[in-house]
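Here are my notes on the model, as numbered points. Please read them with the structure open.

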Amino acid sequence: MTGEQRKALQALLNQHIPLAAAMQITLADAGDDRLTVTAPLAANANHYGTAFGGSLYTVALVAGWGLASLKLDGRGMVVVQHADADYRRPVRQDLLATARCRDDGRFAADFADRGQAELDVTVTIEAGNRKAFELQARFAARPLP
């Protein structure tokens with residue numbers, strides 16, 4: 001992810017996705033097939049002092065959506081098509097969600113060729129070096145409205 005892409009994606013989250021801004025989701029790191037976002041526990045805790053389940057889901061979804069959006073590089077609209085969540089253990093620390101996919105360039109190429117494409121992404125959140133949450137999601141690329 002270039003500095004310009006990072007700045008644009010963070011601005012999009014802060015300015016146009018109110019929930020992401022309220023949850024204080026921040027881009028942390030990116031590579032070719034991964035994107036990591038963070039969110040403070042204090043802004044996402046439930047009454048037990050652990051991360052709210054909806055926050056875990058949303059942070060993971062934003063990480064996956066961000067990864068798919070970076071791969072599409074603004075050429076279309078990315079939407080979640082399907083997602084399954086697995087809540088394994090409570091999270092009592094700041095949220096660190098890492099989205100990963102296996103993509104050989106087909107996502108962007110399929111979109112360029114057909115005007116639509118799909119990308120499968122796995123997002124994990126760890127707590128105490130153990131997997132606490134996992135999201136399996138499929139994101140779809142569609143033409144901009």
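1. In which loop does Asn129 lie? Asn129 sits between strand S5 (117-127) and strand S6 (130-142). Helices (H or I, at least four residues) and strands (E, at least two) are DSSP runs, numbered from the N terminus. Asn129 is not a glycine, yet its phi is positive, about 60 degrees. Its relative accessible area is 75%, so Asn129 is exposed. The classes are buried (under 20% relative accessible area), exposed (over 50%) and partly exposed (in between), with a 1.4 Å probe and protein chains only.

2. Basis of the values. This is a predicted model, where local features need pLDDT of at least 70 and side-chain atom pairs count only at pLDDT 80 or more, while totals for chains, interfaces and linings use all residues. Residues are numbered from 1 along each chain as its sequence is written, and side-chain values use heavy atoms, leaving out hydrogens and water.

3. Gln24 also needs a look. Its phi is near 60 degrees, positive in a residue other than glycine. Gln24 is in the loop between helix H2 (18-22) and strand S1 (26-31). Its relative accessibility is 45%, so Gln24 counts as partly exposed.

4. Core. The largest nonpolar core has 43 residues. Such a core is a set of buried Ala, Val, Leu, Ile, Met, Phe, Trp, Tyr and Cys residues joined through side-chain atoms within 4.5 Å. Ile25, Leu35, Val37, Val59, Val121 and Val123 have the most contacts inside it. Helix H3 (residues 53-72) gives the largest share, 10 residues.

5. Val121 in detail. Leaving aside residues up to four places away in sequence, Val121 touches Gly64, Leu67, Ala99, Arg100, Cys101, Leu135, Gln136, Ala137 and Phe139. Contact means heavy atoms within 4.5 Å.

6. Helix packing. Helix H1 (residues 3-16) and H3 pack at about 135 degrees, with axes 11 Å apart. H1 is therefore oblique to H3. Gln5, Leu9, Leu12 and Leu13 of H1 meet Val62, Trp65, Gly66 and Leu70 of H3. Axes are lines fitted to C-alpha atoms, for helices over the stretch in contact, and angles run from 0 to 180 degrees between N-to-C directions. Under 35 degrees is roughly parallel, over 145 roughly antiparallel, 65 to 115 roughly perpendicular, and the rest oblique.

7. Annotation. An unreviewed UniProt entry carries "domain: Thioesterase putative" over residues 7-141. Such annotations may be inferred rather than shown by experiment; positions follow the numbering used here, and feature names are shortened. Over residues 7-141 the chain is 33% helix and 39% strand. The end C-alpha atoms of that stretch are 21 Å apart.
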